[in-house]
Amino acid sequence: MRPIKGYDKPFLSALLREMLLIRRFEEKAGQMYGLKKIGGFCHLYNGQEAVCSGAAAGMQRGLDRLLTGYRDHGHAISLGLDPKTLMAELYGKATGCSKGKGGSMHMFDYAKGMWGGNGIVGGQIPLATGSAFAQKSQKDGGATIVFFGDGAIHQGAFHEAMNLAATWKLPVVFVCENNQYGMGSAVDRVSSVTDLYVKGQAYNIPSKMVDGMDVIAVYEEVKAAMDTARTKFEPSFLEIKTYRYKGHSMSDPAKYRTKEETEAFLAQDPILLLKGRMEEAKLLTEDQYKDLDRELKDLVMGCVEFAEASPEPGYEEIYTDIYV
Ligand SMILES: Cc1ncc(C[n+]2csc(CCOP(=O)(O)OP(=O)(O)O)c2C)c(N)n1
Ligand SMILES: [Mg+2]
């Protein structure tokens with residue numbers, strides 16, 4: 001665990017609030033999916049909150065860009081997209097951040113640096129590398145960060161993109177969110193190495209393993225990597241070790257792992273860890289945490305009400321925002 005000493009209360013409180021908001025948002029999304037209010041695919045982020053929250057805190061807003069896969073609700077919240085527009089997107093409503101035409105896997109807001117979720121495993125890795133190439137050519141001063149899973153790392157596109165990023169010195173940070181599983185395959189069943197960060201060394205890219213349950217560790221490592229990308233045009237690779245509490249998607253009961261394993265990770269829950277450390281440092285009381293939790297549950301309920309009251313996209317929207 002990295003010390004929280006040196007970080008002020010507003011910074012830590014904002015991280016705690018954001019992680020708890022993501023958790024409550026995901027719980028509500030799961031519930032509404034179960035009630036068949038939400039259709040299509042839906043991949044929840046419970047357990048991984050410290051990764052997107054710590055990372056987004058280390059980005060320069062207005063300059064940097066983020067791309068990720070289909071498990072993208074948390075990243076969107078961390079970049080400041082209005083959770084109402086995210087819930088509306090899940091509902092397929094016109095008020096959604098992608099006008100109700102993207103759904104769970106395609107949260108997007110160019111102005112906020114959210115360059116999208118992607119349904120194709122690993123597809124975002126070359127896209128992000130192209131984005132970094134554009135940023136370097138256009139001298140816009142920013143860098144791109146891309147998130148992908150331990151399953152995606154076996155796609156050829158990962159290796160091709162890493163090689164280009166190193167050769168062309170692109171301002172990109174590659175983040176593997178190693179949540180230990182692909183859809184249902186444990187990482188040690190499908191990977192010749194289980195410490196995935198070593199793969200960056202093959203491309204001469206500085207690579208590190210980071211504790212994804214410690215939001216401060218994620219913040220510090222991502223900030224350093226993004227600053228290096230922005231100022232020196234040097235790519236980095238971070239393997240952030242985390243854990244997915246829920247199944248891969250809504251149709252997966254996650255029977256391939258033991259109760260003991262899940263419980264061991266629940267014991268180092270990223271939200272409760274930060275809460276405990278803030279309490280120890282006398283920056284938070286149990287009552288304040290309960291108030292925050294109540295406030296966020298209400299906020300998320302407000303998102304559901306907003307989504308339900310919103311209109312469906314009109315038929316005239318069928319041919320808008322498409323390539324062909
Ligand atoms: C190219 C491609 N192949 C297969 C799939 C089906 N698929 C969706 S998610 C997934 C597992 C990916 O696991 P990981 O990269 O670890 O991400 P996580 O779901 O754990 O966040 C697979 C195989 C897909 N969407 N795209
Ligand atoms: Mg995974």
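Patches are made of residues with over 30% relative accessible area and no salt bridge, where like charges are joined within 9 Å and nonpolar side chains (Val, Leu, Ile, Met, Phe, Trp, Tyr) within 5 Å. This is a predicted model, in which local features need pLDDT of at least 70 and side-chain atom pairs count only at pLDDT 80 or more, while totals for chains, interfaces and linings use all residues. Residues are numbered from 1 along each chain as its sequence is written, and side-chain values use heavy atoms, with hydrogens and water left out.

On the surface, Tyr315, Ile318, Tyr319 and Ile322 make up a nonpolar patch, and together they have about 570 Å² of accessible area, a quantity that comes from the Shrake-Rupley method with a 1.4 Å probe, only the protein chains shown counting as cover for residues. Tyr319 belongs to the segment after α12 (286-309), and its relative accessible area of 72% makes Tyr319 exposed; here buried means under 20% relative accessible area, exposed over 50%, and partly exposed in between (1.4 Å probe, protein chains only). Helices (H or I, at least four residues) and strands (E, at least two) are DSSP runs, numbered from the N terminus.

A search of the whole structure finds 26 salt bridges, each being a side-chain nitrogen of Lys or Arg within 4 Å of a carboxyl oxygen of Asp or Glu. Three of them are set out below.

| Salt bridge | N to O distance |
|---|---|
| Glu295 and Arg17 | 2.4 Å |
| Arg230 and Asp64 | 2.8 Å |
| Asp293 and Lys297 | 3.6 Å |

The pair of Glu295 in helix α12 and Arg17 in helix α1 (residues 9-34) links distant parts of the chain, 278 residues apart. Glu295 is partly exposed at 37% relative accessible area, and Arg17 also counts as partly exposed, at 30%.

Arg230 lies in helix α9 (residues 215-232) and Asp64 in the loop between α2 (49-57) and β1 (65-67), so this pair ties together parts that are 166 residues apart in sequence. Arg230 counts as buried at 13% relative accessibility, and Asp64 is buried with a value of 4%.

Within helix α12, Asp293 and Lys297 are 4 residues apart, about one turn of the helix. Asp293 is buried, with a relative accessible area of 12%, whereas Lys297, at 44%, counts as partly exposed. Elsewhere, a network of salt bridges links Arg2, Lys208, Glu220 and Glu221.

Note on methods:
Chains are lettered from A and ligands numbered from 1 in the order in which they are written.
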